[in-house]
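Let's take a walk through a protein model together. Have the sequence and the 3D view ready, and follow along as we go.

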Amino acid sequence: MTTRVTLYPWLLAAVAKAWEDGASDVATAHALGLSPSSVTQVRRHLGLPPARPKPVTERPGVKARRCLMCTRSFTSLGAGNRVCGNCKQTRLWQAGVAF
Ligand SMILES: [Zn+2]
């Protein structure tokens, strides 16, 4: 049996906002204290497809930065991430010698 969810205006707005942010029904349900099926009902009422998570490059702080060791451009996950994955594999990095 499926419980019908009451379509309060605030609930429609909250689900629409979370959907725009790329949150899944389960994540939205957790944030709003509802069951995932309730969120799915609201989302369908709004005519929205299942949310697609945003690619990592659209998250705040994520951008192409130059590696401090090899100077190649790489996708940095934040202001403190200045060394590329390849260079983090090196013995120099792992020994804590560089940067
Ligand atoms: Zn590098």
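How far apart do the C-alpha centres of domain 1 and domain 2 lie? They are 36 Å apart. The protein chain is split into domain 1 (1-53) and domain 2 (56-94), with bounds that come from an automatic or database domain assignment.

Before going on, a word about the ground rules. Residues are numbered from 1 along each chain as its sequence is written. This is a predicted model, so local features need pLDDT of at least 70 and side-chain atom pairs count only at pLDDT 80 or more, while totals for chains, interfaces and linings use all residues.

Here are the helices and strands we'll meet; they are DSSP runs numbered from the N terminus (helices are H or I with at least four residues, strands are E with at least two).

| Element | Residues |
|---|---|
| Helix 1 | 9-20 |
| Helix 2 | 25-32 |
| Helix 3 | 36-45 |
| Strand 1 | 63-66 |
| Strand 2 | 73-76 |

Start with helix 3. Its buried residues are Ser38, Val39, Val42 and Arg43. A residue counts as buried if 20 or more other C-beta atoms, placed from the backbone, lie within 10 Å of its own, as exposed if there are 12 or fewer, and as partly exposed in between. Looking down the axis of helix 3, you'd find these buried residues within an arc of 135 degrees, so they line one face of the helix. That arc is taken from the directions from the helix axis to the C-beta atoms. The buried residues pack against helix 1 and helix 2.

Now zoom in on Val42. Leaving out residues up to four places away in sequence, Val42 touches Val5, Leu7, Leu11, Leu12 and Val15; a contact means C-beta atoms, placed from the backbone, within 7 Å.

Val42 also belongs to the largest nonpolar core, along with Val15, Ala18, Trp19, Ala29 and Val39. Such a core is a set of buried Ala, Val, Leu, Ile, Met, Phe, Trp, Tyr and Cys residues joined through C-beta atoms within 7 Å. Helix 1 gives the most to this core, with 3 residues.

Just after helix 3, Gly47 has a positive phi of about 75 degrees. Pro50 sits in the loop between helix 3 and strand 1 and is exposed, with 10 other C-beta atoms within 10 Å.

Finally, the strands. Strand 1 and strand 2 run antiparallel, joined by 4 bridges; pairing takes at least two DSSP bridges. Arg65 stands opposite Phe74 in strand 2. The two strands form a hairpin with 6 residues between them, and Thr71 in the turn has a positive phi of about 65 degrees.

Terms used
Contact = placed C-beta atoms within 7 Å.
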